Structures are given as structure tokens and as C-alpha cells.
Amino acid sequence: MRILTNLSIRNKLIGIILVSTVLSLAAGFAYVITTSIQRFHDDLITTTETVTEAVGNYTALPLAFENPEEAHTSLQPLRALEMVTDVYLFDLKNELFDYYSKGESIEVPEVEQEEFSEIRDGYVHCFRPVVFEGDRYGTIYVRASAASLDQQIQQYLFSMGGLGLVLVLFAGATAYGLQGFISSPILELAETARQISSEEADYSVRVRKPGNDEIGELYDGFNEMLSQIQRRQEELERSNRDLDQFAYVASHDLKAPLRAIATLAGWIEEDLEPVITPESREQLQLMQSRVARMDGLIDGILQYSRVGRLESEGEEVDADEMIRELIEVLSPPAGMKVTVGPGMPVFITKRLRLEQVFLNLISNAIKYHDHVETGSIEVGVEEKPRELQFYVKDDGPGIDPRHHDRVFLMFQTLAPRDKVESTGLGLSLVTKLVEEEGGKVWVESEVGQGATFYFTWPKEPKQEPHSYVGLDSENG
Amino acid sequence: MRVMRGNKPLLLVEDDEVDVLTVRRALRDLRVANELMVAGDGEEALTILRDPERPRPALILLDLNMPRMNGLEFLRAAREEEVARGIPIVVLTTSRQDQDIFEGFDLNVAGYMVKPVDYRKFVEVMQAIDLYWTLSELPR
């Protein structure tokens, strides 16, 4: 049944028309053929009866005058008929008066007093009374071959079959030609929909209405949807641009006074060098460090808001190479071992995003480590059926299970901010990036047992419509 | 003490106080003795330049983002009025993007500096426009 529903619309239409046609033709032909055959049948009987009776009546007088030779001559016309095989003439006492037999059987049939005809065993059997001027003188029986009937029926069936076949073919051809009226607009719509759903989505296409029927309505609806999508797409892009611009300008304008504060604090420290007290110096330095922190926060927020909008295409990435480069950039302190496990894939993915994730995780592993001179960090991958599962494992202080959920939130840090300078945004950024690719991120850790951060990543980049490429900030 | 080739003042067109302080400090650290005139915006700068009583500056340091009349407008007006003829102008920009805009302007711009004013950069630009030598030096 599934096969039938999965046929193309075109084939369904042709199929429907053909089935209707064949059924109707079958019904009609069945009726016509049955009645025709019946008629052939009846015609043969009628003809035989008529001839039999006509000739039979000529034997009335010979019967009356008991003249077999005369009777025999009268039967001549019947004998001349090729299909007639036997003729039996009976008198009133039902005794055989004369007969003629072309062939084999000389079996004397039972005399039927009534007029009787039937076609049996390929022969027509016909009993007629011999009558002259209202008086009955005897009975005549004729047996004739029904072969001609068989032949007639055969020919008839043959030609009917041929006609039927031609009609069905004709119906098929017509159906094939005409189904286009219905199927073409539908197929065109389906094709357009398929195109739009593909990678190079062009929402500006419109389909041309074929007519004012329900399909036309469908087209109108489709075009309307496309307009809406296009409009939303434009709004989205505009909104993204505005957001980008806002973020850029905001970060810029927020940073300017910060710079001034830091500079002025530096100048005060410099200018008061000979007379500055240690407390004041410390205070000025704290001021500068807070300014630096705020600067970092602003950068972090800017980055957070911009991430994901910069890259929408995948490119070939050698994960192993990428991670090693990142490790170099991060330059872990001497003594710290950072290893990359085997099985790192080379695949098509969104490079920048994956880089960001690793960058944050590895940088965290280094930053929060409690014995950097002897620490070790391991970066690895496990291939799952439908995704890749990466992990960054360290042997640092570990994270209390109580905090496992919290660390992924924005602005959450676990170490006091004066011990480890951190924006608290790194993991929330990682979460955002990973979840946008349809993955998950989680941590397995106990206090004093190090920590392993896992995240899943798709093997193929997720399809998405064109995103706006954001502005560059001076920090890149 | 270095031989002074000129003791002309420098004109700084800048509205942000801290930026003004920065330039002053940079000049002090570079031991430059020339007087620094400060105009808060383009209008003020034009007034100073138009005044025949006041000495012509040896150099104009121009900020782009100012109220009333910003850097660009000042440049156009100055060129029209020809009050800044022969005076090299160093543009102070807050982003590298502005530099691209200025490339297209043939407005007597002798150099660019990105704020915050970095002392080394300051010196480099000065040297590039060969004006460093016209800047007088403070006694040690």
C-alpha cells in the first residue's frame, strides 16, 4: 500500500483515470458481450427452427399419404445445408418415417411432442411439428453443428478484446496528456519548495499562479509565506546589524572613560612618586586592576553578543592541528603538560566556533590549575554514532558537584576574583556556542580529583539561512 | 640644550580633558618646550587661527570627534579660509577605520595617531613629519 501512496502525483492521476476507464469499460463490455453472445445463440436457434419448420411442412403431404420417397426428396433442402448433420422424420405414432444422417451417430433421439430446441454439446437440436393447414402429421428433428456459432463468438470476443485494448490505450494516452493540468502546477510548487529548503535559499522567488482553483489558492498561500519569510529574514538581518552596531558602539563608549580613569590613576601614582604612601599606592593599583577587569568584562560581553553571527559556513578543519595551535597561543606555563589524544577528526565544521570552545575550556584548565608546574591537561575525542564528543580533562583542584550547574551561568566564577582574574563569561560562551550547534556541554568532577569538561559537536555543520556578517571591532 | 629652530606654539584641537592632559604630558615627557594652545572645538580653533595677533602654530593636533564643529568640518573650513596654509596637521582618531576615510581627503593631513596617545607613537609621527626638530626642548 505504501508503494501506491509514494507514487508521483502524475502517476497517481494516470492510474486513477486508467482504473476508472478499465472498470467502466469492463462493465460495459461485459454487458454488451454477454447480450451479443446470447443473441448469436438465439439467432442460430431461430434460423434453424425456421428452416426446419419450413422444410418440415413440405413433408406433411408425403407423411399423410405415407410416401417415404416423396418425404425423402422434400428433405433435400435440409440435407443441402452443410451444418445439418441429421434429419429425422417421425409420424404421428412417433415412429421413424424417414431419416437422413450425415455421419456417425444414428442414435434415435427421444421424440419431443412440443416444439423444442436447444444447443447442446456443440450441436443445435430442433424438434418441430409437421403441419399442413392446421393439421399435424408428424415431427421433424434436425441436428446441426453449432461450430459456426463458436467461431462467431470467438471472432467477436477477439475483436471486442482488441477494441477494449485500444480504448484503454487511448484512455491512457489522453490521461497522460491531460494529467499535466493538475500535476504540473503541483510538481512545480514542490520543486520550488525543495529549492528554497536547500542551502542556497533564495526567498525572493515567487511562483506564478496557474489558475484560480484550489491550486491557485495554494500558490497564493505559498507566495504569501515566502513574502513573510523574506520580510522576517530582512528584519532579522537588520536587527542583527543594529545589535552589532549597538554592541560595538556601546563597548567603545563604555571603554573610553575606563581608559581615562586608568591613565589618570597612573599619572597620580607617577607624580606622587616621592611622597606617596604605600596605602595610597595600593589603592591606585587596585583602581587600575578594577578598570582592567571592567575592560575585560566589556570585551567578554561584546564577544558573547557577537558570537555565532560571524560564521555560517563550514570549512575543512583538522582538529588536531587546530588544538595544537591554540595550545601554543595560550602558552601554558613551563612544566604543564598538555596532550592531544588520538582520533581527532578532519571534518567540515564551523572553525571559529569550535576554536572558541576549545580556547575557553583549555584556558580555564590552565587558569584554574592549582599546581601548574606539574599539572597535565588532556584534550581528546570520542566518536559517537551521530556526533563527536570532545573533552578537556585536567588534574587541577576539581569542582564540587554542588557547583556543576552554576559554573555554566553567566558571570559565575568559583575562585575569588582577586585570586583568579576572570570575567565569568567563558563557560557561558561555551554553552551558547555548543547549544547553538545542537550539542550539550557538561562537567564531571570531584573536589581534589581534577575536572573533565565534555561537549558534543555535530559531524556536519548545521544548516541555517544566511546570517549577517558582523562589524569588526578594533580588537578583532 | 638643543638649538631651537623655532619656538612656535602647537595648537591642540580637542574637547576631552583627559586627552588634552595626555598630550601635555607626552610633550613634557618628550621634553618639548613649545607652548600648547588648546581649542575645545573647530570653531574655537578657527578663531585662534584667524586672529592676526596670535602666533601661527607650528603644528595642529586635531581630534575628530568634537561638539559644534568636528574635525572634518574644521578641515574643510580651514582649507576654504586658508588659515591653516602651510601648517602640518596631525589627526587624532579613535579607530583605524577613520584613517581610511581620510585617505581620500587631500586636506593637508600630515599624519595620523590613534588614541590613546601612545608616547612612542607620538614621537614617531612627529619625526615622520620632520617637525620634531622644530619643537623646542625644555631645559633639563
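# Reading a two-chain predicted model

From the N terminus on, chain B runs β-α-β-α-β-α-β-α-β-α, with helices (H or I, at least four residues) and strands (E, at least two) taken as DSSP runs and numbered from the N terminus. This is a predicted model, in which local features need pLDDT of at least 70, side-chain atom pairs count only at pLDDT 80 or more, and totals for chains, interfaces and linings use all residues. Residues are numbered from 1 along each chain as its sequence is written, chains are lettered from A and ligands numbered from 1 in the order in which they are written, and side-chain values use heavy atoms, with hydrogens and water left out.

Q: In what order do the five strands of the open sheet in chain B stand, and what is the pairing?

A: Strands of a sheet pair through backbone hydrogen bonds, either parallel or antiparallel. Two strands count as paired if DSSP finds at least two bridges between them. In chain B the order is 2-1-3-4-5 and the pairing is parallel. Strand 2 (36-39) and strand 5 (109-114) of chain B are the edge strands, each with a single partner, so one side of each has no neighbour in the sheet. From one strand to the next the twist averages 20 degrees, where axes are lines fitted to C-alpha atoms, for helices over the stretch in contact, and angles run from 0 to 180 degrees between N-to-C directions.

Q: Over how many bridges do strand 4 and strand 5 of chain B pair?

A: Strand 4 (residues 89-93) and strand 5 of chain B are joined in the parallel sense over five bridges. As an example, V90(B) has G111(B), in strand 5 of chain B, as its bridge partner.

Q: Which strands does helix 2 of chain B touch, and which does helix 3 of chain B lie across?

A: A contact means heavy atoms within 4.5 Å. Helix 2 (residues 42-50) of chain B packs on the sheet and touches strand 1 (10-13), strand 2 and strand 3 (59-63) of chain B, its direction making about 130 degrees with that of strand 2 of chain B. Helix 3 (residues 71-81) of chain B lies across strand 3, strand 4 and strand 5 of chain B, at about 140 degrees to strand 3 of chain B.

Q: What share of the residues is buried in chain B, and what share in chain A?

A: Buried means under 20% relative accessible area, exposed over 50%, and partly exposed in between (1.4 Å probe, protein chains only). Buried residues make up 50% of the 140 residues in chain B, while 38% of the 476 residues of chain A count as buried.

Q: How far apart are the end C-alpha atoms of helix 6 of chain A, and what do its buried residues pack against?

A: The expected span of a helix is 1.5 Å times one less than its number of residues. For the 32 residues of helix 6 (residues 147-178) of chain A this should give 46 Å, and the end C-alpha atoms are 46 Å apart, which agrees. The buried residues of helix 6 of chain A, among them L149(A), Y156(A) and A175(A), pack against helix 2 (9-58) and strand 3 (116-120) of chain A.

Q: Where is the pLDDT of chain A below 50?

A: The pLDDT is the predictor's confidence in each residue, from 0 to 100. Chain A averages 83, and 91% of the residues score at least 70. Over residues 466-476 of chain A the pLDDT is below 50, although this stretch has 30 contacts in the model beyond near neighbours in sequence. Where pLDDT is low, the predicted coordinates should not be read in detail.
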